[in-house]
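Look through the sequence and the model before reading on.

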Amino acid sequence: MQIEEKQIVINGQNIILRSPKKQDAETFSEVRDSTYRETYFLARYPEETDFTAEAAEAMISDIAERKEEFLIGAFRKEQMIGCVMVLKEGNHIKFRHKAGIGIFILQRYCGIGLGRQLMEYAIENARKTELEQLKLGVFDDNVAAIRLYEKLGFREWGREPHAFKLKDGSYRDEIQMVLFLS
């Protein structure tokens with residue numbers, strides 16, 4: 001699904017929210033890889049992902065063709081600085097009403113309201129589809145993200161103890177959250 005372009009201003013910087021295009025594949029790949037290096041709040045470590053520009057281009061093309069799934073990239077001067085993804089769990093009848101939502105933002109753009117803007121625009125666009133709910137998982141110590149999700153209307157529905165084991169041997173619980181769109 002293609003998303004209508006939207007211009008926002010954060011801290012005096014013009015940022016465009018839009019569906020990534022094939023020519024954005026390299027910057028998409030770089031940003032995703034950078035965020036894996038910058039934080040442990042994502043599901044994988046950098047060495048566990050091989051998200052090449054070719055893989056990014058394939059993902060952009062594939063998702064653009066789908067009815068209720070989409071990517072929204074945040075671009076500053078044609079450079080992607082973050083992305084939110086709304087992807088269905090499957091196309092089986094029992095799952096068609098819901099999708100997962102995930103977000104990643106370059107560290108230097110965190111804490112300025114970009115995450116909120118991306119999530120709000122994703123929720124707005126999800127409401128234009130036949131989706132009824134969005135769900136996500138978040139590390140239990142990612143307090144800023146949890147607060148944002150709660151402000152946007154997400155509610156905790158479960159918790160998986162020790163869902164993530166970090167390289168240092170410590171564990172983090174995963175909090176599962178849901179937002180009902182209707």
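**The cavity and its lining**

The largest share of the lining of the largest cavity, three residues, comes from helix H2 (residues 53-64). Helices (H or I, at least four residues) and strands (E, at least two) are DSSP runs, numbered from the N terminus. The model is predicted: local features need pLDDT of at least 70, side-chain atom pairs count only at pLDDT 80 or more, and totals for chains, interfaces and linings use all residues. Residues are numbered from 1 along each chain as its sequence is written, and side-chain values use heavy atoms, with hydrogens and water left out.

Reader: How much space lies in the largest cavity?

Author: On a 1 Å grid over the protein atoms alone, a cavity is a set of points where a 1.4 Å probe fits but cannot get out. Grid points are joined across faces, edges and corners, and the volume is the space filled by probe spheres set on the points. One cavity of 30 Å³ or more is counted. The space in the largest cavity is about 40 Å³.

Reader: How many charged residues are in the lining of the largest cavity?

Author: Lining residues have an atom within 4 Å of a point. Among them are Met1, Ser19 and Ile60. Ala, Val, Leu, Ile, Met, Phe, Trp, Tyr, Cys and Pro count as nonpolar, Asp, Glu, Lys and Arg as charged, and the others, Gly among them, as polar. The lining has six nonpolar residues and two polar ones, and the charged count is no residues.

Reader: How far apart in sequence are the parts that Glu47 and Lys167 tie together?

Author: A salt bridge is a side-chain nitrogen of Lys or Arg within 4 Å of a carboxyl oxygen of Asp or Glu. Glu47 and Lys167 form one, with the closest N and O atoms 2.6 Å apart. Glu47 lies in the loop between helix H1 (25-38) and H2, and Lys167 in the loop between strand E7 (155-165) and strand E8 (171-180), so the pair ties together parts that are apart in sequence by 120 residues.

Reader: Is Glu69 buried or exposed?

Author: Glu69 forms a salt bridge with Arg66, the closest N and O atoms being 2.9 Å apart. Buried means under 20% relative accessible area, exposed over 50%, partly exposed in between (1.4 Å probe, protein chains only). Glu69 has 8% relative accessibility, so Glu69 counts as buried.

Reader: What is the relative accessible area of Glu89?

Author: Glu89 forms a salt bridge with Lys98, the closest N and O atoms being 3.8 Å apart. Lys98 is buried, at 15%. Glu89 is partly exposed, with a relative accessible area of 39%.

Terms used:
1 Å grid on protein atoms, 1.4 Å probe; cavity = no way out; pocket = protein on both sides within 12 Å on 5 of 7 lines; lining within 4 Å.
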